[in-house]
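Trainee: I would like to go through a structure with you, feature by feature. Please give me the general idea where there is one, then the case at hand.

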Amino acid sequence: MVPIEQAKEYPMTLEQARKRFPQLEETVYGKPLVYLDHAATSLRPLEVVRCWEEVSFRKNANLHRAVHYMAQQATAAFEEARATVASFLGAASPREIVFTPGATAAANLLATCLGQSRIEGGHRVAEPYIGAGDCLLVAESEHHSNLVPWQMLCERTGARLVVLPVEEDGSYNLTRLEEALKAAPKLFCIAHISNVLGLINPIAEMAALCHRAGCRVVVDGAQGIVHADVNVCEMGADYYFFSGHKIYAAPGTGVLWARAELLDELPPYMGGGEMIDHVRWEGSTWAEPPYRFEAGTQNLSGVPTLVPALRLLQELRGPEMLANALAVRDYVWEQLLAIQGLRLYGNPSDRSLKVPIFSFSIEGVHHEDLALLLDKMGVAVRSGQMCAEPLMGRIGVTGMVRASFAPFNTLQEAETFIKSLHKAIGMLR
Ligand SMILES: Cc1ncc(COP(=O)(O)O)c(C=O)c1O
């Protein structure tokens with residue numbers, strides 16, 4: 001795994017980056033908007049909106065079906081996105097890329113299909129991968145999207161779910177993982193980066209341990225793809241998924257990647273057009289992956305926006321952008337820790353593991369009140385359970401505040417955030 005410190009060299013400047021996002025010019029309540037909720041959804045850049053417009057006006061036809069010109073253009077744009085995603089993830093082939101409406105949809109697809117008879121030679125013949133009595137290991141800091149689908153799978157199949165506890169500083173202990181693997185789980189489900197704790201998890205090391213124990217690894221990459229370099233083969237994941245809207249692409253887009261042989265054995269998720277080979281009254285046969293999992297009309301306007309979005313994501317990792325991102329991260333980190341009564345969740349001693357997602361609570365101050373006051377000062381942060389209620393329970397809070405930064409948030413914006421935070425705390429204490 002490559003931490004943000006070691007990202008590749010691209011030449012974009014901070015000024016150029018900010019020009020891509022007209023929303024940065026917005027004011028709220030008469031104050032310049034300081035948007036610090038990127039972990040929930042990113043801002044939309046010009047090139048993504050233009051791509052959406054171009055596809056909607058000039059390539060608006062259903063995919064893979066008609067022979068006419070517009071349909072060919074639409075299909076080419078959609079398949080170009082598949083090839084771009086495959087190369088971005090370091091996948092072996094574009095056929096390992098399944099488009100979904102988002103990370104949640106990808107997790108549900110996987111959790112549903114893994115509990116059904118596997119496919120061999122185009123037919124449902126083999127036992128499900130997950131069945132009664134099987135064990136699933138889920139990391140304690142998971143977003144509900146990488147937890148609830150696994151609970152539902154357990155309910156349907158009679159499998160059981162075991163939790164891998166997170167450490168005080170937000171990291172995972174590999175010895176504890178080795179211990180947990182003694183229960184012979186068949187799946188280990190963990191985020192590449194937690195949306196609450198903002199730490200890069202050591203997926204490669206974890207996957208090596210899991211594979212030695214015969215356990216497959218599901219990686220929720222919803223935040224990982226934003227902040228870390230991803231190479232699904234090098235990290236040893238078996239399944240990796242993410243949402244397009246967190247990496248500047250159109251909402252309603254998402255990706256599930258799995259190694260070819262693992263996709264081949266999965267039965268279809270939804271039935272309908274395009275996912276079949278033949279349909280007869282006595283029964284149907286299934287298309288090969290990835291089409292087997294793409295029933296019905298796909299998000300033909302949204303998926304092509306993954307191409308400019310991924311290009312931008314790479315450009316935002318250039319030296320100037322990286323230097324800015326690290327300066328902002330270090331400044332905010334230091335300033336938050338200096339606030340009396342503030343508890344920061346995800347505070348590792350190895351600084352290179354931390355991405356600019358800061359979740360915290362302040363003694364004697366309710367998170368919602370704080371977020372509301374910050375909003376009135378023009379600062380947009382998230383507050384609440386962060387879709388990670390079990391983690392809130394473990395920490396012993398009902399909610400927290402989260403400020404999540406993009407590489408193009410400036411030091412000046414970070415200062416505004418810290419100043420506003422002090423002011424709000426002063427008003428509430
Ligand atoms: C770590 C993580 N996993 C999954 C999701 C779910 O993503 P979506 O709502 O786009 O499906 C999120 C969204 O916040 C997330 O942060």
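Predicted model: local features only at pLDDT ≥ 70, side-chain atom pairs only at ≥ 80, totals over all residues.

Trainee: In which sense do strand 18 and strand 19 pair, and over how many bridges?

Mentor: In general, strands of a sheet pair through backbone hydrogen bonds, either parallel or antiparallel. Here strand 18 and strand 19 are antiparallel, with three bridges between them. They belong to an open sheet of four strands, ordered 15-16-19-18, whose pairing is antiparallel.

Trainee: Which strands stand at the edges of that sheet?

Mentor: Strand 15 (342-345) and strand 18 (382-384) do; each has a single partner strand, so one side of each is without a neighbour in the sheet. From one strand to the next, the twist averages 30 degrees.

Trainee: What is the strand order in the sheet of seven strands?

Mentor: The order is 4-12-11-10-9-7-8; that sheet is open too, and its pairing is mixed. Its edges are strand 4 (97-100) and strand 8 (160-164), which have a single partner strand each, so one side of each lacks a neighbour in the sheet. Neighbouring strands there are turned by 20 degrees against each other on average, direction ignored.

Trainee: Where can I see a parallel pair?

Mentor: Look at strand 9 (residues 187-191) and strand 10 (residues 216-220), which are joined in the parallel sense over five bridges. Phe-188 has Val-217 in strand 10 as its bridge partner.

Trainee: Which strands does helix 4 touch?

Mentor: Helix 4 (residues 103-113) packs on the sheet against strand 4, strand 10, strand 11 (239-243) and strand 12 (254-258). The direction of helix 4 makes about 35 degrees with that of strand 12. Helix 7 (residues 203-212) lies across strand 9 and strand 10, at about 155 degrees to strand 10.

Trainee: How many residues surround the ligand, and which are the closest?

Mentor: There are 15, the closest being Gly-102, Thr-104, Asn-195, Ala-222 and Ser-243. By type, the shell divides into nine polar, five nonpolar and one charged.

Trainee: How many residues apart in sequence are Thr-410 and Arg-18?

Mentor: They are 392 residues apart in sequence, and 9.4 Å apart in space, C-alpha to C-alpha.

Note on methods
Residues numbered from 1 in each chain as written. Near = placed C-beta within 6 Å. Nonpolar A, V, L, I, M, F, W, Y, C, P; charged D, E, K, R; others polar. Pairing = 2+ DSSP bridges. Helix = DSSP H or I, 4+ residues; strand = E, 2+ residues; numbered from the N terminus. Axes fitted to C-alpha atoms, helices over the stretch in contact; angles between N-to-C directions. Contact = placed C-beta atoms within 7 Å.
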